[in-house]
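Colleague: I would like to learn how to read contacts in a structure like this one. Could you walk me through it?

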Protein chains: 2
Amino acid sequence: MAKLDFSPIADTTRRAEIVALLRRAILTGQLEPGQKLNELRISEQMRVSRAPLREAMRELVQEGILTSIPYAGTFVIDVTAKDIIDAYSLNKVLDEFAIELAWPQRGQSFFDELDRRHEAVKQATRALDTTRQIETALQLHGLIYEWADNSVLLETWQRLTSRLQMYFALHQRARNEPVPAEDLHETYVALLKGSDMRAAQRHAREHIDSDFEELLAYARGLEERASKAAERRR
Amino acid sequence: MAKLDFSPIADTTRRAEIVALLRRAILTGQLEPGQKLNELRISEQMRVSRAPLREAMRELVQEGILTSIPYAGTFVIDVTAKDIIDAYSLNKVLDEFAIELAWPQRGQSFFDELDRRHEAVKQATRALDTTRQIETALQLHGLIYEWADNSVLLETWQRLTSRLQMYFALHQRARNEPVPAEDLHETYVALLKGSDMRAAQRHAREHIDSDFEELLAYARGLEERASKAAERRR
DNA sequence: TCTTGTTGGATTGTCGACAATCTGTTTGTC
DNA sequence: GACAAACAGATTGTCGACAATCCAACAAGA
């Protein structure tokens, strides 16, 4: 008998599709931070009743990209400079841990997948598809987590990634100019293939820092705009 | 004007109360791992309609203590030895990070709160209230996270804590004998008051390991029972 | 006997309507 | 005109009923 692995069949509940739609809208910045989600309007647009929509929203609230205030509404989370700093500093720690766990698990299939994902990033970069560029870069980064073989760590990283993706998307959107940017991941990939774990950990940390500077600049801009808006309100 | 800090008013949605009730039932082990939650029955018992109950369940699914299979049901998560190992090893890393962040933030109010929580543990221990003992011990442990001033880290720890609380409760429940256990936190508290951060980090790691052994023994018991049950099913 | 269809009951997913709550505006009073 | 009470509209929270799906038991055919 031919050996054939079937993947699990897709979730076919409206709820799951709504979650995917909303998440995508938020993570790509189509829904802006602080924006209120009107249940009636969205449910009409999606041709769905409010029940599955509300359940989907609860999921995203727990996922950390929406916040809900009883009887007031559900909103896209606000993004502050501190949030970005917090997320990044935790990401550093987790990265180091993930590399440590994944290191002995590396093998041919790991390297193959590494190349595959790296290629995807390069392709998105060439195509000037910034949204996809962010997505693929994060997926490349996520490989060590998938191979770390620690389900709680993976889950944690996925939550964190949601926010990072959102932050990057907002950043890109703010300077509404596609940034080709040559490939920053060459060294990262090479080190993950090498034999010096410490070096890989160190690079992951530094690489993060370089991206970080840009994001922080954006965050500071946000802060400024927010305080000005508060001033205007007086 | 007198300075007075009001705490936020309680959530008054049924949903929030249901979440609290269910969470408590799960974390204290009243709902067993793998058990199915029948929506109709629970909603009738709580005198509530299925809508807020289902929303509450979605939250707990995202919180990681329930799992949902479309059209099949929502279940309390299964607990495997690997889950416990994974949670603990991540907890070590996070603890180290939290201590590092919290260290410069320590001050009188930190020490006071530390003592307060330590006292709560001792009291629960004296009263042989194992459920409360677990709760208070985790709260003591959580102090460094609250003072680390990193919202993402805190959030992450709270998710992790849910599981740890559940694991401990199951463990206690399995050997249905209240364990007085003398105070294990004396050293931990002392080190957090001291001036040697490294020592505190080291102790946190070792302290975790000692509790860990017990939990692992329990987990292995679980595995064994599970495999036997699987055998019987053939 | 094994496999494959069918059927009934139970349970989850979804819907539309109603109740509770909030917010901004209007009205009334001083 | 300033302030508070009452109202109106919009929005969220909750409910009961219906539709879709699953599962176990049973029946039919090879």
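Modeller: Gladly. Two residues are in contact if their C-beta atoms, placed from the backbone, lie within 7 Å. Keep in mind that this is a predicted model.

Colleague: Which residues is B:Ala98 in contact with, leaving aside its neighbours within four places in sequence?

Modeller: B:Ala98 is in contact with B:Ile144, B:Tyr145, B:Ala148 and B:Leu153. B:Ala98 and B:Leu153 are also among the residues that touch the most other members of the largest nonpolar core, a set of 101 residues. A:Ala98, A:Leu153 and B:Tyr167 are listed with them.

Colleague: How many residues of chain A are in contact with chain B?

Modeller: There are 25 in chain A, facing 26 residues of chain B. On the chain A side, α3, α4 (81–102) and α7 (151–174) each give two or more residues. By class, that side has 9 nonpolar, 7 polar and 9 charged residues.

Colleague: How should I read a positive phi?

Modeller: Most residues other than glycine have a negative phi. Here, A:Tyr71 has a phi near 65°, and A:Leu128 has one of about 60°.

Colleague: Is A:Tyr71 buried or exposed?

Modeller: A:Tyr71 counts as exposed because it has 7 C-beta neighbours inside 10 Å. This residue sits in the loop between β2 (66–69) and β3 (73–76) of chain A.

How values were computed. Residues are numbered from 1 along each chain as its sequence is written. Chains are lettered from A and ligands numbered from 1 in the order in which they are written. This is a predicted model: local features need pLDDT of at least 70, side-chain atom pairs count only at pLDDT 80 or more; totals for chains, interfaces and linings use all residues. Helices (H or I, at least four residues) and strands (E, at least two) are DSSP runs, numbered from the N terminus. Ala, Val, Leu, Ile, Met, Phe, Trp, Tyr, Cys and Pro count as nonpolar, Asp, Glu, Lys and Arg as charged, and the others, Gly among them, as polar. A nonpolar core is a set of buried Ala, Val, Leu, Ile, Met, Phe, Trp, Tyr and Cys residues joined through C-beta atoms within 7 Å. A residue is buried if 20 or more other C-beta atoms lie within 10 Å of its own, exposed if 12 or fewer, and partly exposed in between; C-beta atoms are placed from the backbone.
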